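Work through the exercises below with the model open beside you, and try each task before reading its solution.

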Amino acid sequence: MCSLVLRETVEYYNHNQGTVFCTMLDATKAFDRIQYCKLFRKLLDRKLPCSIFVKLYTSQQAHVLLNGHFSQLFDIKNGVKQGGVLSAVFFCVYLDGLLH
C-alpha cells in the first residue's frame, strides 16, 4: 500500500513537471528506542494523565528463552510494547516534535 502511494505521488509530480523529494525512515526498531522519561514528559506537556503508564512501563521485566533455558529476569528500561493498543499513539506523541 505504501509503495503504491509513493509511486502514484512520484508519477503525479513528474507528469506535472514538479520536483519530487523523498526521505525514507527505517523504523523497525523505533518502538524499542523510546525513552520513558521523554515520553512521559511529552504526555504531561499535552495535559494527559500518565501516572498509570509510568507504573506499567517502569515495572516491566522479561527473560529470554534460549535452547529451552530461561535467562534471569531483567528490567526493561525503554521502549513501548510492540502490539500494544496505545503503543502507536505513544510513538506518534514521541515523534511529534520532529514533524514540527
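The exercises that follow concern a predicted model, and each solution goes step by step.

**Exercise 1.** Determine in which helix Ser-87 is found, and decide whether this residue counts as buried or exposed.

*Solution.* Begin with the position in the chain: Ser-87 belongs to helix H4, which covers residues 87-99. Next, take the relative accessibility, which is 1% for Ser-87, and compare it with the cut-off, since a residue is called buried when its relative accessible area is under 20%. Ser-87 therefore counts as buried. Finally, look at the surroundings: when neighbours within four places in sequence are left aside, Ser-87 is in contact with Phe-31, Tyr-57, Val-80, Lys-81 and Gln-82.

**Exercise 2.** Identify which residues of the largest nonpolar core touch the most other members, and state which helices each supply at least two of its residues.

*Solution.* The largest nonpolar core has 14 residues, and those touching the most other members are Leu-39, Phe-40, Leu-43, Tyr-57 and Phe-90. Turning to the helices, at least two residues of this core come from each of helix H2 (36-45), helix H3 (51-58) and H4.

**Exercise 3.** Describe how H2 and H4 are placed relative to each other.

*Solution.* Two packed helices are described by the angle between their axes and the distance between the axes. The axes of H2 and H4 come within 9 Å and cross at roughly 85°. Angles of 65 to 115 degrees count as roughly perpendicular, and H2 and H4 are therefore roughly perpendicular to each other. The contact is made by Lys-38, Leu-39, Lys-42 and Leu-43 on the H2 side, and by Phe-90, Val-93 and Tyr-94 on the H4 side. Sorted by kind, the residues of this contact comprise five nonpolar, no polar and two charged.

Notes. Residues are numbered from 1 along each chain as its sequence is written. This is a predicted model: local features need pLDDT of at least 70, side-chain atom pairs count only at pLDDT 80 or more; totals for chains, interfaces and linings use all residues. Side-chain values use heavy atoms; hydrogens and water are left out. Helices (H or I, at least four residues) and strands (E, at least two) are DSSP runs, numbered from the N terminus. Buried means under 20% relative accessible area, exposed over 50%, partly exposed in between (1.4 Å probe, protein chains only). Contact means heavy atoms within 4.5 Å. A nonpolar core is a set of buried Ala, Val, Leu, Ile, Met, Phe, Trp, Tyr and Cys residues joined through side-chain atoms within 4.5 Å. Axes are lines fitted to C-alpha atoms, for helices over the stretch in contact, and angles run from 0 to 180 degrees between N-to-C directions. Angles under 35 degrees count as roughly parallel, over 145 as roughly antiparallel, 65 to 115 as roughly perpendicular and the rest as oblique. Ala, Val, Leu, Ile, Met, Phe, Trp, Tyr, Cys and Pro count as nonpolar, Asp, Glu, Lys and Arg as charged, and the others, Gly among them, as polar.
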